[in-house]
Amino acid sequence: INANAASTLTNNASVTMTASENTQTAINATCVAGETPVPCTAAAVFTATVPPKLSITNSVTPSSNVSPGAEVTYAIVASNVGEVVASNVTIQTDTAPNLTLGSWTCTASNGATCPTASGTGAINMVVPGLPVGGTLTFALKATVSANAATGSSIELNASSTTSMTGASCASGVVVPCSAAATLQTATAALTATPVPSLGQWSLMLLSLMLAGFAVIGLGRFNMH
């Protein structure tokens, strides 16, 4: 099958008759369609189309010990790993609690083209044609909410799909293809509890009390 298009297989068959089989019929034999003389021929055409195959990955930096209020960057890579051009490919990201999506940029490679070079917020892009091997790489900035709970997980999903018949993902499942990136917020830092200190007069009083106890103890020792 042609790697870039549909392939057509043609199987021809013919029917004829000789005079030795039936002289009278052979002389007057014709094909019904068009009343042409024998032999009669017919062709059966079989067309096979290779379905497209998509791939998408998603990662976030940093991914662990992220402080509330910090900025992170998602790297989302959508590719055509099949053998035919993928038409009307939709690439999207969702939104997530405690995460504000900021600006993003798109970079194309291997013959692909970004319909839009940049934007803000969740990605929602339709690519008219993603060539074989074509790749779109997105850099999406986001800010973790200052109110995000410490030690919590925040997940952002990305997906790619096409309406073409039989389309699948690199993993073998049918479209849409999806990928999730998870970040972990920092755990609460341990804080030391300060020990209250005694004032100057308190220290003097404590010293006098200790001295008094010492004198009393010494007197009792001498009495014995």
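**The disulfides and the sheet**

Mentor: Cys 114 is buried, its relative accessible area being 16% (buried is under 20%, exposed over 50% and partly exposed in between, with a 1.4 Å probe and protein chains only). The model is predicted, so local features need pLDDT of at least 70 and side-chain atom pairs pLDDT 80 or more, whereas totals for chains, interfaces and linings use all residues. Residues are numbered from 1 along each chain as its sequence is written, and side-chain values use heavy atoms, without hydrogens and water.

The partner of Cys 114 is Cys 106, with an S to S distance of 2.0 Å; a disulfide here is a pair of cysteine sulfur atoms within 2.5 Å. Cys 106 is also buried, at 9% relative accessible area. About the S-S bond of Cys 106 and Cys 114 the torsion is about -75°, so this disulfide is left-handed.

The structure holds two disulfides. In the other, the sulfur atoms of Cys 169 and Cys 177 lie 2.1 Å apart. Both Cys 169 and Cys 177 are buried. The torsion about their S-S bond is about -105°, and therefore the disulfide of Cys 169 and Cys 177 is left-handed.

Turning to the sheet, six strands form an open, mixed arrangement in the order β7-β6-β9-β4-β3-β11. The edges are β7 (118-120) and β11 (168-169); each has a single partner strand, so one side of each lacks a neighbour in the sheet. Strands are DSSP runs of E, at least two residues, numbered from the N terminus, and two strands pair if DSSP finds at least two bridges between them. Strands β3 (residues 53-61) and β4 (residues 71-80) pair in the antiparallel sense over eight bridges. Ser 59 has Ala 75 in β4 as its bridge partner.

Definitions and conventions
Helices (H or I, at least four residues) and strands (E, at least two) are DSSP runs, numbered from the N terminus.
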